[in-house]
Amino acid sequence: MSRMPFPEIGTHRDLVMTRLRELKLKDTDWKGGRASMFMFKANDEVSRLGQDAFVEYFNENALGATSAFPSVRTMEKEVVQMALDLFGAPQTARGYMTTGGTESIIAAVQTCRNWSRVQRGTPTHRGNIVAFETVHPAFDKAARLMDLEIRRVPMDPWTEPVVSALDAAIDIDTIMLVGSAPNYPYGSIDPIAELGELAERRGIWLHVDACVGGYLAPFARQIGRTIPQFDFSIAGVSSLSADLHKYGFCPKPASTVLYRTAEKAAHQMFDVDVWPSGRFVTTTIVGTRPAGGVAAAWAMIHFLGAQGYRQIAGELMSSIDAYLDGLKTIEGVRIVGKPDLAVVSFTADEVDMIRVAGKLSGKGWLPGLIRKPTGIHRMMSMLHAASNQQFIEDLREAISAVGVRQKQP
Ligand SMILES: *Cc1c(COP(=O)(O)O)cnc(C)c1O
């Protein structure tokens with residue numbers, strides 16, 4: 001394969017734009033609900049507001065929030081305050097905006113690591129993180145970056161999560177226990193209240209990864225859904241991550257990472273005075289980052305308010321109900337675990353689900369996969385509502401084409 005040369009001369013902008021649009025044609029039809037992950041939508045009005053607010057701050061750099069762009073600083077502070085309010089955080093709590101779940105998680109792990117080292121008085125202590133195996137790989141990424149050990153404890157999606165197994169994995173070097181609300185593979189909220197008790201009993205930091213569900217769960221509860229407690233209302237919770245660019249329906253990149261106390265939050269600060277340019281202070285892992293993400297999140301929360309988010313939660317959860325009902329009409333299909341929100345995995349007994357997924361891909365769907373059990377995973381938003389019926393029909397056809405697996409002799 002020959003390498004593309006760096007072009008000597010420029011190309012007319014119209015041609016460049018045309019080529020961009022041509023390139024896009026190869027992508028999954030996410031607007032038609034064909035992508036099972038990556039994209040989220042509430043409705044057109046919400047998408048437009050997000051886009052307009054982002055474009056308003058298209059050029060500004062959130063790295064300069066404390067100097068050049070006080071407006072960005074103000075919006076960032078207010079987004080964090082509104083998030084703290086939403087998640088029942090005490091007045092002592094503090095937080096930061098980041099560019100996404102991964103950054104929020106890396107930041108939380110680093111903050112916990114730094115705080116733990118100070119607590120222990122051992123500045124080189126190598127800690128470990130304990131979580132169910134369903135925890136997001138962003139924790140492994142964080143662990144690798146900081147040379148921490150991560151201990152993944154098995155979870156059986158068909159039975160209640162075994163918190164005592166987490167307890168057994170904790171030792172003297174454990175610095176963080178993680179619960180997911182919900183976990184990505186099965187869409188179920190870990191027993192955070194029990195995890196909180198465990199964290200308090202063992203004296204360790206509990207982080208709640210509410211990246212995918214954080215901005216949906218409170219509103220789903222407010223409209224009468226049964227959603228287990230997962231936030232700062234549980235005393236043992238030290239920190240929580242929640243992504244605005246997922247079910248907050250904000251443009252990427254936008255996430256929040258929150259801490260129960262200002263004292264813990266302070267350990268996220270990066271403050272050095274080491275080079276000829278003087279002091280360098282950031283609260284994020286990244287440096288330059290789009291202020292558009294901050295402005296759009298601020299605008300979105302004000303635009304929708306809790307009332308708007310409840311309305312969206314109502315519509316979304318109804319569409320999920322219809323989707324679950326549809327899945328249940330297909331013989332052999334079983335919902336994996338107990339999805340609490342909008343992430344749903346399913347399998348079918350005695351059917352090769354990888355082949356089923358292959359057939360669905362052939363029809364333009366991009367199904368997510370899980371492997372324990374082998375099944376199909378979809379993270380649903382209003383992008384999917386209109387095509388769910390079509391998905392169910394294509395799935396029914398794919399399952400019947402693949403057929404029931406021959407029993408091994
Ligand atoms: C999406 C997700 C993350 C990572 O978030 P990014 O914004 O993709 O970096 C972390 N945890 C869970 C449970 C997630 O679903």
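Author: What follows is a set of questions and answers on this predicted model.

Reader: Let us begin with helix H3. How do you know that the reach of H3 is close to the expected one?

Author: Set the two values side by side. H3 covers residues 70-86, which is 17 residues. The expected span is 1.5 Å times one less than the number of residues. That gives an expected 24 Å, and H3 reaches 24 Å from its first C-alpha to its last.

Reader: Which residues of H3 are buried?

Author: They are Val72, Met75, Glu76, Val79, Val80, Ala83 and Leu84. An α-helix has 3.6 residues a turn, so residues three or four places apart point the same way.

Reader: What do the buried residues of H3 pack against?

Author: They pack against strand S1 (94-98), strand S7 (255-259) and helix H10 (291-328). After H3 comes Gly88, with a positive phi near 60°.

Reader: Why is Glu76 called buried?

Author: Glu76 sits in helix H3. Its relative accessible area is 6%. Buried means under 20%. Therefore Glu76 counts as buried.

Reader: What is Glu76 in contact with, leaving aside its neighbours within four places in sequence?

Author: Its contacts are Ala65, Met97, Arg289 and Val294. Contact here means heavy atoms within 4.5 Å.

Reader: Which residues are around the ligand, and how do they divide?

Author: The residues around the ligand include Gly100, Thr102, His136, Tyr184, Asp209 and Cys211. The shell divides into four nonpolar, five polar and three charged residues. Helix H4 (residues 101-120) gives the most to this shell, with three residues.

Reader: Where are the cis peptide bonds that join Ala181 to Pro182 and Lys372 to Pro373?

Author: Most residues other than glycine have a negative phi, and most peptide bonds are trans. The bond joining Ala181 and Pro182 is cis, with omega about -5°. Pro182 is in the loop between strand S4 (174-180) and helix H7 (192-202). Lys372 and Pro373 are also joined by a cis bond, with omega about 0°. Pro373 lies in the loop between strand S12 (368-371) and strand S13 (374-379).

Reader: What is the phi of Phe38, and is Phe38 buried or exposed?

Author: Phe38 is not a glycine, yet its phi is positive, about 80°. Phe38 is found in the loop between helix H1 (13-24) and helix H2 (44-56). Its relative accessible area is 56%. Exposed means over 50%, so Phe38 is exposed.

Reader: And Phe249: buried or exposed?

Author: Phe249 has a relative accessible area of 8%. That is under 20%, so Phe249 is buried. Its phi is positive too, near 55°. Phe249 lies in the loop between strand S6 (237-243) and S7.

Key: Residues numbered from 1 in each chain as written. Predicted model: local features only at pLDDT ≥ 70, side-chain atom pairs only at ≥ 80, totals over all residues. Heavy atoms only, no water. Helix = DSSP H or I, 4+ residues; strand = E, 2+ residues; numbered from the N terminus. Buried < 20%, exposed > 50% of the residue type's maximum accessible area, 1.4 Å probe, protein only. Near = heavy atom within 4 Å. Nonpolar A, V, L, I, M, F, W, Y, C, P; charged D, E, K, R; others polar.
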